[in-house]
Amino acid sequence: QVQVVESGGGLVQAGGSLRLSCRVSGTIFSINGMGWYRQGPGKQREFIAAFTAGGSTNYADAVKGRFTISRDNAPNTLYLQMNSLKPEDTAVYYCKVDSRDSNWSLVNYWGQGTQVTVSS
């Protein structure tokens, strides 16, 4: 019903850039927020950046000043521009959507992730 699909990952040299995209499709009544998480090898999934329901942005300290999020409202698409990439940024990047269904219940959706590998 609701699909969240990330794209844009790949292999890049340290100092390089990548732009990730997250396309949301299907029946969704209200999106409260959209954001990016990542999970490196042997690590827990961590928050990277997000838009809140009010439209403001939040960034993790590890990526502040290097990563920038943006979005298109129709269709619902979230972007993550990643500059000055470091080997520590190597991870699977996931898109998360916080929404409300027809009963106004909070529901979140996750994409399958896209691999980002930064070489030393």
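Helices (H or I, at least four residues) and strands (E, at least two) are DSSP runs, numbered from the N terminus. The model is predicted: local features need pLDDT of at least 70, side-chain atom pairs count only at pLDDT 80 or more, and totals for chains, interfaces and linings use all residues. Residues are numbered from 1 along each chain as its sequence is written, and side-chain values use heavy atoms, with hydrogens and water left out.

The sheet comes first. Strands of a sheet pair through backbone hydrogen bonds, either parallel or antiparallel. Two strands count as paired if DSSP finds at least two bridges between them. Here 4 strands form an open sheet, and their order is β1-β3-β8-β7. The pairing is antiparallel. Strands β1 (2–7) and β7 (67–72) are the edge strands, and each pairs on one side only. Neighbouring strands of this sheet are turned by 15 degrees against each other on average, direction ignored. For such angles, axes are lines fitted to C-alpha atoms, for helices over the stretch in contact, and angles run from 0 to 180 degrees between N-to-C directions. Strand β8 covers residues 77–82. It runs antiparallel to β7, and 6 bridges join the two. Asp72 has its bridge partner in β8, namely Thr77.

Charged side chains were examined next. Side chains of opposite charge can pair when their charged atoms come close. A salt bridge is a side-chain nitrogen of Lys or Arg within 4 Å of a carboxyl oxygen of Asp or Glu. By this rule there are 5 salt bridges. One of them joins Arg38 and Glu46, with N and O 2.8 Å apart. Arg38 is buried, with a relative accessible area of 5%. Glu46 is partly exposed, at 36%.

A salt bridge also links Arg66 to Asp89. The closest N and O atoms are 2.8 Å apart. This pair links distant parts of the chain, 23 residues apart. Arg66 lies in the loop between β6 (57–59) and β7, while Asp89 lies in the loop between β8 and β9 (91–100). Arg66 is buried, with a relative accessible area of 11%. Asp89 is buried as well, at 1%. Arg38, Glu46, Arg66 and Asp89 are linked in a network of salt bridges. Lys64 and Asp61 also meet in a salt bridge, at 3.2 Å from N to O. Both Lys64 and Asp61 are exposed.

Aromatic rings were then compared. Rings of Phe, Tyr and Trp (its six-membered ring) pair if their centres lie within 6.5 Å; planes under 30 degrees apart count as stacked, over 60 as edge-to-face and the rest as tilted. The structure holds 3 aromatic pairs. Tyr37 and Trp110 form an edge-to-face pair, with 5.0 Å from centre to centre and 65 degrees between the planes. Tyr37 lies in strand β4 (residues 30–39) and Trp110 in strand β10 (residues 106–110), so the pair ties together parts that are 73 residues apart in sequence. Trp110 is partly exposed, with a relative accessible area of 33%. The rings of Tyr94 and Trp110 have centres 6.5 Å apart and planes at 80 degrees, so this pair is edge-to-face. Tyr94 in strand β9 and Trp110 in strand β10 are 16 residues apart. Tyr94 is buried, with a relative accessible area of 13%. Tyr37, Phe47, Tyr94 and Trp110 form one aromatic cluster.

Charges over rings were also found. A charge sits over a ring if NZ of Lys or CZ of Arg is within 6 Å of the ring centre and within 35 degrees of the ring normal. The charged end of Arg45 sits over the ring of Trp110, 4.7 Å from its centre. Arg19 lies over the face of Tyr79, at 4.1 Å from the ring centre.

The loops complete the picture. Most residues other than glycine have a negative phi, and most peptide bonds are trans. Ser84 is not a glycine, yet it has a positive phi of about 50 degrees. It is found in the loop between β8 and β9. Ser84 is partly exposed, with a relative accessible area of 41%. Trp104 has a positive phi of about 65 degrees, although it is not a glycine. Trp104 is found in the loop between β9 and β10. Ser102 is placed in the loop between β9 and β10. Ser102 is exposed, with a relative accessible area of 55%.

Conventions: Buried < 20%, exposed > 50% of the residue type's maximum accessible area, 1.4 Å probe, protein only.
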